[in-house]
Structure formats: C-alpha cells, structure tokens
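Reader: Please take me through the salt bridges here. I want the cut-off behind each label.

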Amino acid sequence: MTGPTQNAPGHWIDGAWTPAGSSATISVSNPASGEIVAEVPAGTADDLDRAVAAARAALPGWAATPPAERAAVVRRIAEGLGTRAEEIAAAITAEMGSPLILSRTAQVGFPVAVAESFTSLAADFAWTEEIGNSLIVREPIGVVGAITPWNFPLQQIVSKLAPALVAGNTMVFKPSEIAPLTARILAEVTAGAGLPDGVFNVVYGTGPVVGEAISAHPGIDMISFTGSTRAGRRIAAVAAATVKRVALELGGKGANVILDDADLPTAVRTGLAMAFTNGGQVCGAWPRMLVPASRQDEVVALAVAAAREYVVGEPTDEATRIGPMASEAHRERVHGYIERGIADGARLVFGGPGRPEGLDRGAYLRPTIFADVDPYSVIAQEEIFGPVLTIIPYADEDEAVAIANGTVYGLTAGVFGEPEHALAVARRLHAGQVDVNGGHWNPLAPFGGYKQSGNGREFGRAGLEEFLETKSIQR
C-alpha cells in the first residue's frame, strides 16, 4: 500500500490553508486498488465556525462588487480549471474510479462549460426592474453552505459556486469525504482568479459532523445540497430550525420510454449509455428501459450486444468504459440489488452477481441487465446507483406513462419515438428534465427534480435565481 500522495494541508479558510482544529484525519482510498491516496482533515464544528466567520466578513465587499466584475472572476475560474484539466481528471479517477477518458471529458468539461454559461448570463440578467410604482431589486442571499456528493465531485460544486458567486454570495463548502481531492485544486484556482479572501471556504469532514453543523448554523443563510434523498430529508429538517433556504438535488430513477415508432437501435444504445455511464453512478441516469411488450426480445438482443462493448477494468486504461464503484461499501450495496433482482424473479440476461473475470481486487462488479422486470419490484423502484439496467415491458402508452411516473422520484427521463409523438409523451412525464430522442445537454436549461428528487433548479437563469433574494421597493 502506498502512502498519502495528495494530502490537504488543512481547511481553506479566508484565502489560505488553515490548520485543522483536530488532528483527526480521513483517509481517501483508490477504489480500483484499495490503496490510500490522500488524507484530509476530519473537520469539526469549530472549524466550520471559523469558515462561516470568514464568509460573513467577506460578504459586504463581494455583494457590493458589480455583477460584471463578479462574472469576470468566474470566467477566470473556468479558465483556471481548464488549465489544470489533466490534474483534475487524474485526481477524480484516483479518488472515485471514474474512467480516465470520462474524467477528462465530462468530469472536467461539464464544470468548465457550466461556469462559462453563468458568466454570459450576468450581462443580460435583470438585476433590477420597474413594475408599476415598484422597483424590484435582486440581491444576494448571503452565506451559502454547499454540500456535494462523490460521483461528479467538481461539477457538483461548480454548479453551485458559479451562480452563487455571480449573484454576490459567499460560500462555505463541504466536499464528500470519499472524493475530496478536487476541492484543493478548486480553492487554489479561485485564489489565482482573484477571488477575494473569505468568499470561498472549504471545510473537509463527514456529513454527520460538518454537514450537520452547516445545516444548523445560524450564520449560514442558504444550503445547496446534492446527494441522496435520505440525506436531503435530514438537511431540510435541521435547516428548518433557522428557516434557511434549502435547495435539494436528490435521487432519481429515470425512465427511458421507448415508443413503438422509435428508432430501436438508437433508443437502446443511447438508453444503455444513460444507464451505464460513470458506472451508473449518476443521479440523472435512466436505469429503467420501458419497451412495448411485443418488442422486448428485440430490445434485449440490442441491449446485450451493446453492453458487451462496455469494458470493465482499471480506470486509467484508455479502453475502460466502466471502472470500479466509488468504494467497496458501495460495490457491496449495488451487488446486493443484483442478488435481490434474481431473488424477486427478474430475468437475468447479462452480467449478474460476482466480480468481472480477472478483477479480484478493487470495487468492481459486473454490469447487469434484467428483463421482464416487475415495475413495482425493488430493483425497479429504488435508486441502485450502479450499472444495472431493468427492462420493463408495457402493454400500451398509458401504461408506459403510469410506470414511468410510478416512483417517488422525478428527476430525469427519456422518450424515443416519432418526434411529435415523443414530445407529447414527454409532456406527460413527471420529471424535471426529459430528453426527446437523445436531445443534447444544455447548460442554460434548468435542471432539478419533481417529488422526492428535490426542489429548486440548477443551471441557466433559474439556477442563478436560486441564489438571489427579491426585494420590492414601492415609490
């Protein structure tokens, strides 16, 4: 086992690395090997207090900075991240196992695009407007507490930081203890971009300690959280005591509705990619593929053929398309769902229990496809967060819509079919984002969930407005 290689020198508070108040640390493991690649401080409530104090002190000056100047700093942050893209990609691959090719593209490319999108919004945004005899003023909320997960460690924080900064807020950020390495790089990039001291602060630590303290802290005005629905419920409950604004981007169980008039090969190949990318560890994934019952055998054959192209292996290998799960504990959790699917009578058509051949060490599992899945079974209802696709047959369009809407989640969905037909079905789905025939990702379009997938929106104008208060001045 190798020693730590990317240790955090402390917490990033008031523009500098600050020694932690406790000597306790958290080890960061490479899920492909189990080796320790870093250690970060195990933050405490006292560490958080210092970060909040720095953020509050920096707030008046940053809030008074003209929006164009704030946007210019965010633009420089985007440029700085692009400059360090290879370092960021290597860190993400080491800490959570994302295949290097994905780390170089989505894991780095998406956050850079998101940051740049908010800089363009600032110039045309209606920071003030007249309505009758009223002056409507949009102002920063204050100090934002940001808590993010491990699956897209840089994208998730940049999706919060960029609009929060453009809006004039300051921030205290707790990265996931599983994937905290890019937080150090991001802090250094913000300093190099000229962000004033105290505007962005990083406190490492666990959810039960630092996350809980952020949720309860009276000096934090808003929480923006991405993660599990279970954790989101806890954050909302704790934050209610101080009536904070809470934005939650939570779990998902996206349905890919393939209509009878769809281009079947395209629908299946795209749908499988949306189920298996990043090892299925994507809140916006489509792990449910809904197909006409009469065409299920065709779909299964296409899905199995496409799945064989997903090479499972060492994430630094350029040929790898699915790396390890982010941790051994998560591998065991996903593996348990595969066993549950078999026990509940779903038809296993690809993969299954056990490790891939030749991968006896590391958090690897076999990507799996089930067919003839009961839409109300455990594997069709609960968020598995792994490379497990469930193919669900339906009798008619109304049943397809009912199945798609028949979970507690409502984050994403896909529909494939004749364009106008598919659009009509998309309108019937209870999800915050629906892609028709593989529509491309748009960083200016709002993203967020219905039902227990959360509340609030990220990206675009709606994402900027999440971080603003609205004041009405009558004259």
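Author: A salt bridge is a side-chain nitrogen of Lys or Arg within 4 Å of a carboxyl oxygen of Asp or Glu. This is a predicted model: local features need pLDDT of at least 70, side-chain atom pairs count only at pLDDT 80 or more, and totals for chains, interfaces and linings use all residues. Residues are numbered from 1 along each chain as its sequence is written, and side-chain values use heavy atoms, with hydrogens and water left out.

Reader: What makes R234 and E212 a salt bridge?

Author: Their closest N and O atoms are 2.3 Å apart. The limit is 4 Å, so the pair qualifies. R234 sits in helix 8 (residues 229–239) and E212 in helix 7 (residues 207–216), 22 residues apart. Helices are DSSP runs of H or I with at least four residues, strands are runs of E with at least two, and both are numbered from the N terminus.

Reader: Why is R234 called partly exposed?

Author: Buried means under 20% relative accessible area, exposed over 50%, and partly exposed in between (1.4 Å probe, protein chains only). R234 has 46%, so partly exposed is the label. E212, at 25%, is partly exposed too.

Reader: How do you know that E458 and K160 are buried or exposed?

Author: E458 has 9% relative accessibility and therefore counts as buried. K160 has 1%, so K160 is buried as well. Their side chains meet in a salt bridge at 2.9 Å, N to O.

Reader: How many salt bridges does a search of the whole structure find?

Author: The search finds 26. R84, E87, R184 and E188 are linked in a network of them.
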